Amino acid sequence: MRIWTQLTFPVTQTRTLLFLIILFTCSAFGQSTVDVNQRFTPEQLIEDVDFYIKTLEEAHVNPYAHITAKEFQSRANQIKSRIREQGAMTQKEFWLLFTPLVSAVQDSHSFVVEPRFSLKPEKDTTKYFPIRTVYIDGKIVVKESFADEKIEKGAVITSINGVKSDEIIQKLSEHLFGIERERVESAALWLWVGAAEVFGRPDEFAVSFADGKKARVKGLHLPEIIQRENAARAANSAMPQTNESPLELKLLGNGVAYLNSTTFSYDLEKYKSILKDVFTQIKSADVKTLIIDVRNNRGGNSALGDALIDMFNAKPYRHYSMKWKRSDQFVENLKGKNLPVPDNYMALRPGEFISTQSPNVNPGNNPLRFSGRVFILGSKETFSSAQMFLAVIKDNGLAKIIGEETKTPVCNTGEIYFFNLPHSKLRTSVSVKYWMPPAGCKDARGVVPDLPVVRRVADYMSGRDAILETALNLIKKES
């Protein structure tokens, strides 16, 4: 997994890859290991809070976009009071208190890495909730179960250990990041961890379901969950696993091709080579309609999205504009990584901005460019530079988008600056850039599809792909 750092312009070059996935490789970002039993004094932890606030205000591109400075400081003071009352505490105990302050920034690129990621799995004594869940139609729905007890896929959870599902989502969302709808969606995905970390790390979980059934689910240590998950993947895989490609092409017949764009985190030149192979196949197959699926694309390098656009669009279009805040912290960050610091950035005083206008892109000749109809599938999970890809298409009318509104605001932050708090060593981040799509910002809305499709629990349980089905029905209707 890599983090892309943009140092040059125009903005079509890169954007930071985010959030939940990179946590699994956080050692690459300088995550510090501390003794799980080490206790930090209240004075040390209050200094950590103050250090975070200072860094946030000096380095973050717009720290108070979703909360006033007065309200944020009030929350910080409340946390400091609780630190004084509680006294010395471990890193994990401090994480529980401190994370809601970072969450209040409501920026999915500004977060705190969970202490568990600094532990080797065999050193983690926590027993986690061995059920993976998703949030569909306002409900917590079982996606996969690795529990000893039989739990059906699609079962709707109404409470755990007496805590109702709405309260579970609200409580967990306080330890997650982004605007409210991002945190709510993420809470269900994080439940297998959060049920343990936020609700006192019980040995077992009393679960109630919407159909009236109840179960007592034993918590499992992380290595056992991983082992069971890998075994389930192997059992359900009809074919041996191969190296994952960023593009997967299927010819559906009747002149329709389906292209699954799984990631923009890939070597650019290799990606362009794959694009040539894919679109050579499309040309040879005499495809008339192309469906491009970025529903599960979590982003990476926006240049890959631009390269994909070039394969089906010939008309000029406008791209994202950007603001980049100058700070001494980020200068030192670049120098520490032996990365060049642009002269125009160094010339600014701390707190000043580099701003770019929305650039015009004029596609050149492309003999492999597809000239038929194009439909793009998007979802709540489409993220970061993949969301930029959708926004550029939507704002310039380059293709019809079908699916769900993205959960991240279309005007969003990027370029993560990582740093450790001085005493507790919690790994935190702030965003130093702000990205604006060609049509500008629309409150906190995501990319709104041209043809919305609502995800339903019944569809999930039956395995029905309502978004793809909607696209295929529309293609058939318009043919």
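This report describes the overall form of a predicted protein model and then some of its residues.

## The model and its basis

The model is predicted, and for that reason local features need pLDDT of at least 70 and side-chain atom pairs count only at pLDDT 80 or more, while totals for chains, interfaces and linings use all residues. Residues are numbered from 1 along each chain as its sequence is written, and side-chain values use heavy atoms, with hydrogens and water left out.

## Overall form

The protein chain contains 13 helices and 18 strands; these are DSSP runs numbered from the N terminus, with helices being H or I of at least four residues and strands being E of at least two. Along the principal axes, the C-alpha atoms fill a box of roughly 70 × 65 × 40 Å. The radius of gyration of the protein chain is 23 Å, which agrees with the value near 23 Å that a compact globule of 479 residues would have; this radius is taken over C-alpha atoms, and the globule rule is 2.2 Å times the number of residues to the power 0.38.

Of the 479 residues, 55% count as buried, where buried means under 20% relative accessible area, exposed means over 50%, and partly exposed lies in between (1.4 Å probe, protein chains only). Among contacts with a separation of 6 or more, 75% are between residues 24 or more positions apart, a contact being heavy atoms within 4.5 Å.

## Surface and charge

The accessible surface of the protein chain comes to about 21,400 Å², and 50% of this belongs to carbon and sulfur atoms; the areas come from the Shrake-Rupley method with a 1.4 Å probe, and for residues only the protein chains shown count as cover. The chain has 62 positive and 55 negative charges, whose mean positions are 3 Å apart. Lys and Arg count here as positive and Asp and Glu as negative, without His and the chain ends, and each charge is placed at NZ of Lys, CZ of Arg, CG of Asp or CD of Glu.

## Aromatic rings

The structure holds 17 aromatic pairs, which are rings of Phe, Tyr and Trp (its six-membered ring) with centres within 6.5 Å; planes under 30 degrees apart count as stacked, over 60 as edge-to-face and the rest as tilted. Tyr52 and Phe98 form an edge-to-face pair, because their ring centres are 5.3 Å apart and their planes stand at 90°. This pair links distant parts of the chain, since Tyr52 is in helix α1 (residues 42-59) and Phe98 is in helix α3 (residues 91-103), 46 residues apart. Both Tyr52 and Phe98 are buried.

The rings of Phe330 and Tyr345 have their centres 6.5 Å apart and their planes at 80°, so this pair is also edge-to-face. Phe330 lies in helix α9 (residues 328-336) and Tyr345 in helix α10 (residues 343-346), 15 residues apart. Phe330 is buried at a relative accessible area of 1%, and Tyr345 is buried at 0%. One aromatic cluster includes Tyr52, Phe98, Phe330 and Tyr345, together with Phe51, Phe94, Trp324, Tyr417 and Phe419.

Thr289 belongs to strand β9 (residues 289-293) and is buried, with 3% relative accessibility. Leaving aside neighbours within four places in sequence, Thr289 is in contact with Gly255, Val256, Ala257, Phe370, Arg373, Phe375 and Ile475.

Most residues other than glycine have a negative phi. Asp286, however, has a positive phi near 55°, and this residue is in the loop between α7 (268-284) and β9. Ser384 likewise has a positive phi near 55°; it sits in the loop between β14 (373-378) and α11 (385-396) and is buried at 1% relative accessibility.
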